[in-house]
Amino acid sequence: MFLEPLLTGITLGGMYALVAMGLTLQYGVARIMNLSYGEILVAAAFAVLWLFTAAGLNPLLGLAVVVPAAFIVSWLIYRILLLPLVRRAKTRDALEVDSILATFGLLFVVQGVMLVIFGGAYYSYSFLAIPVNVFGVTIAANRLLALAFAAVIGLALYLGLTRTRAGTALRAVAVDPVSAQLVAIDVRAAAAMAFALGGGLVAAGGVLVSMFLTFNANIGVVFTMKALIVVIMGGVGNMLGALVAGLILGLTETFVATWIDPGLTLAATYTIFLVILLVRPQGLFGRSGR
Amino acid sequence: MMLSLPVKLIGTAALVALLACVPMVADGYRLSLAISLLNYTVLATAWALFSGPTRYVSLATVAFFGIGVYTVAVLGEVLAWPLVLLIALGLGMFVALIVGLATLRLSGVYFVIFTFGLAELVRQLVTWFEVNITRTLGRYVFLDVTTDQIYWQLLGLTVLVFVAGILIRRSRLGLALRVIGDDETVARHIGINTTAAKVALFVLSASFMTLCGAIMAPRWSYIDPAIAFNPVTSFQVLIMALLGGVHRLYGPLLGVVPLTLLFEFLLANFPNHFSILIGIAFMLIVYAIPQGIAGLLEKLTKRKGAAS
């Protein structure tokens, strides 16, 4: 009873890491604390479910449809809903409070729409549910595939951010939005781009998660919460931190669920969060001083 | 329009006495409406008590409310009523103290994130406790508490919240909190123990929410964790407080009255679209009237004063 939860935990942790990377972009670069973040994940899961059952589209091809769509929707959300708040905000704290409130409202709107369409029932679909043997442990092929895709997407994002001009601009804005303007970076465009990228990442997470987990219209909040905790744990704006913290969270949850009780996973998550807050509030890899 | 203190006191006493007579004249529907008005008044005012001056957005109202409800569900038939209330109060304050000590010494974001999932965490813990230890998920509450008594208790609690609010405003703690809300760094520099002030107020605010839940519990005859810790409650309280305005003690009340009536109407007519509609209403408030009705009124009266 060690290898199996280990593999499951790594898969789950990979999903958390991917989702948290998007959130850390939105919060670190665009400075928007997005409480409706997980709703995009659920919407993407439902979109892929619908494409798969109605049109017979392979969920992995669904990625190519859903992710760009989420990117555009997130970009529009930023331009239409959040930019007025950015303009209105006098300080960074004021923007934080306003964005928390606005996206909290958005959470209920999006969740409400999905509840009207799909109801509160749990959904899942069967895609590549073939047992595969890895190191003597049987695991469903869709989980391994999801993990592989998450790794590829995460790596691509990391390289994009560290090796390209546009990525460097985004990181510059994350470090200091005022000074970034001095080196001719359009901060608002960069923020919109980071917010949209975050939306695309969480949609990718939603598609991958839907391949092996059951989901309903209400679970977005749980993903938002876990992503927030991972972001804080890894240090805001820190991609590698998000990866490590996501894996820690996924592994802890799986081991608690297998060895102790599935009903206590959230308690485990919160215990980790509490310890981080008490010991290292700047995050595992964050710089101190904020 | 400044009234002298005795006039204010007599006026308030008369108002409370008048409100206390409501159960004698109102029919069942109106009384239950009055109870929800008082319920939300307590919750929204208690919310604004902490979040107004400090500007820390708490999303955990229902965590404390639910603790109150569930304490009554578990202990209501075993112990005497005042003792049950006292235990609920103790539990609520204990949880608030832990949350406050862990997050309030840091910046506001940590607090928001922690409160965002707190209700869900408590709900899961209660569910786990009930399933594994007491083996009863969902409880029937048959208490000898009449609707009239619930109303009177809530009215008493409402008076207490307002008295607490007035006293805090006039105390050193109130002044300290306003400085914290304006600039926390300055507050620390002039020697305010910001963490202690914030934690104290958060615990106070949470204790009112817990008591409110405990008093409201006999309204349901069946309680399970999903009912007690319904996230929509936190959301409703937040909207009401923001619509009314959080910088004045009476502010939330201005939001509670119209929105309780609106929610009642929406729930009766569009039960399936309820969460969409309140979400839209909330966003309208955030965008259009960020200072709330109280802020709007003040701006209007100030402008009038300047013109004359």
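A nonpolar core is a set of buried Ala, Val, Leu, Ile, Met, Phe, Trp, Tyr and Cys residues joined through side-chain atoms within 4.5 Å. The largest one in this predicted model holds 199 residues, with members from chain A and chain B among those that touch the most others. This briefing covers that core and the build of chain B.

**The largest nonpolar core**
- Seen from chain A, Tyr78(A) and Phe104(A) are among the residues that touch the most other members.
- In soluble globular proteins, nonpolar side chains tend to be buried together.

**Around Tyr78(A)**
- Neighbours within four places in sequence are set aside here.

**Fold and size of chain B**
- Chain B is built with 15 helices and two strands.
- The C-alpha trace of chain B spans about 65 × 50 × 40 Å along its principal axes.
- Chain B has a radius of gyration of 20 Å, which agrees with a compact globule, because 308 residues packed that way would give a value near 19 Å.
- Take contacts in chain B between residues at least 6 apart in sequence: 80% join residues at least 24 apart.

**Surface and charge of chain B**
- Of its 308 residues, 50% count as buried.
- Chain B exposes about 14400 Å², and carbon and sulfur atoms supply 69% of that area.
- Chain B carries 19 positive and 12 negative side chains.
- The centres of these two sets lie 14 Å apart.

Key: Residues are numbered from 1 along each chain as its sequence is written. Chains are lettered from A and ligands numbered from 1 in the order in which they are written. This is a predicted model: local features need pLDDT of at least 70, side-chain atom pairs count only at pLDDT 80 or more; totals for chains, interfaces and linings use all residues. Side-chain values use heavy atoms; hydrogens and water are left out. Helices (H or I, at least four residues) and strands (E, at least two) are DSSP runs, numbered from the N terminus. The radius of gyration is taken over C-alpha atoms; the globule rule is 2.2 Å times the number of residues to the power 0.38. Buried means under 20% relative accessible area, exposed over 50%, partly exposed in between (1.4 Å probe, protein chains only). Contact means heavy atoms within 4.5 Å. Accessible areas come from the Shrake-Rupley method with a 1.4 Å probe; for residues, only the protein chains shown count as cover. Lys and Arg count as positive and Asp and Glu as negative; His and the chain ends are not counted. The place of a charge is taken as NZ of Lys, CZ of Arg, CG of Asp or CD of Glu.
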